Amino acid sequence: MEAIKTNSVEFIPGATITIDDDRCIGCKKCVEVCPEDVYELVRRPGETDPNKEFKSVAVAPEKCILCLSCLEICAKDAIYIDGQQ
Amino acid sequence: MTDQIVKKLELKYEPVGIYLIPAEHAERYEKFFENFAKPNGRLTYCQAVDTVRGAANYSKLPERPDVLVLKAKDFLCSAGAANLGFYNLPEPIKNGERDFLLRRFPSIETSKVTREMIPHFEAGSTSSVVVFKLSKAPVDPHVVLVFGNPAQILSLEGPYVMKTGGRLEIDVLGTCGVCAEMTVSPLLNRKMNLSTLCGGARSHAFKDPTEMGAGIPGIEFPELVENLLARQNIPKRQDLTKELQ
Ligand code: SF4
Ligand code: SF4
């Protein structure tokens, strides 16, 4: 991840994003609100619980613009950006 | 002065002072603050404010600091950093897409217009921001942030106009509450502003839903506290001279 340069006028995207798989219920809200398509919903292999069939994966964290929409929308508090919620 | 306002209003937490270091001559100013704590990872501006006042510790430092010095790289919230003058807003926030996707607006246009109207400093004009518990102020603050319930914030309104008379015009939307409404607006407009905070601040830091805030230009804060305390000394009717009664 490239750091933001102090006094640089343009914001430089990128963040470390972690999703707590146990909390994620695959509701897709983070996918819907992210303006940079950082998330994708994937099928959990071998999952039999219909409420846990899908989970979100941060496929492009380098595009994150730190808008924090995903943190605000996730009702399960499953997402961490640089360790914060 | 901090003690006096905390006691008079029965505040749960001390007010927070903010000092902005401009990009111009930054090195000279930053040298003065080089021995103060820097966060050990990104955090939002409101998390930094919540940290120094003592409600939580989002700094990732083992001990909660009373003073934090933030640079652009320390911000978890790009909108907050952009409002404070560190850099340009990322395009999807600037063009309205971000708030539109959150379903806050029925069109991108209304979202964009609203975003453009949020008080902000020029991109690149700020180099660092120093956030501190007011009793531990290393320097006179540019802005003082007071948090309390509506009754406590109400107690500041009358004293603010006590000597001149008048009314308060508030610049508020519940968006970018701590950064734009409480910090930038009082500096740009040179007057106290009130804020109901914002969804972001309440989601990432301020957990007490009964709290709201006031941002007061640092230069006006001593007189505000003085007025707040002096109010009880305004003569009672029976103490006035006959002609004035
Ligand atoms: S919003 Fe939260 S619970 Fe829903 S898919 Fe995303 S991470 Fe999972
Ligand atoms: S912070 Fe914004 S850009 Fe980054 S992953 Fe979350 S929604 Fe996407």
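What follows is a short exchange about terms and the values behind them.

Modeller: This is a predicted model, in which local features need pLDDT of at least 70, side-chain atom pairs count only at pLDDT 80 or more, and totals for chains, interfaces and linings use all residues. Residues are numbered from 1 along each chain as written, chains are lettered from A and ligands numbered from 1 in written order, and side-chain values use heavy atoms, without hydrogens and water.

Biologist: What makes the meeting of Arg42(B) and Asp82(A) a salt bridge?

Modeller: The term asks for a side-chain nitrogen of Lys or Arg within 4 Å of a carboxyl oxygen of Asp or Glu; the N to O distance here is 3.3 Å, so the pair qualifies as a salt bridge. The count between chain A and chain B is 3 salt bridges.

Biologist: What does the area buried between chain A and chain B stand for?

Modeller: Buried area is the accessible area (1.4 Å probe) that two parts lose on being put together, summed over both, and here the value is about 2,500 Å², with carbon and sulfur atoms giving 55%.

Biologist: Why is the shell around ligand 2 described as having 11 nonpolar residues?

Modeller: Ala, Val, Leu, Ile, Met, Phe, Trp, Tyr, Cys and Pro count as nonpolar, Asp, Glu, Lys and Arg as charged, and the others as polar. The residues around ligand 2 (a heavy atom within 4 Å) include Ile17(A), Cys34(A) and Tyr39(A), which therefore count as nonpolar, and the shell has 1 polar and no charged residues.
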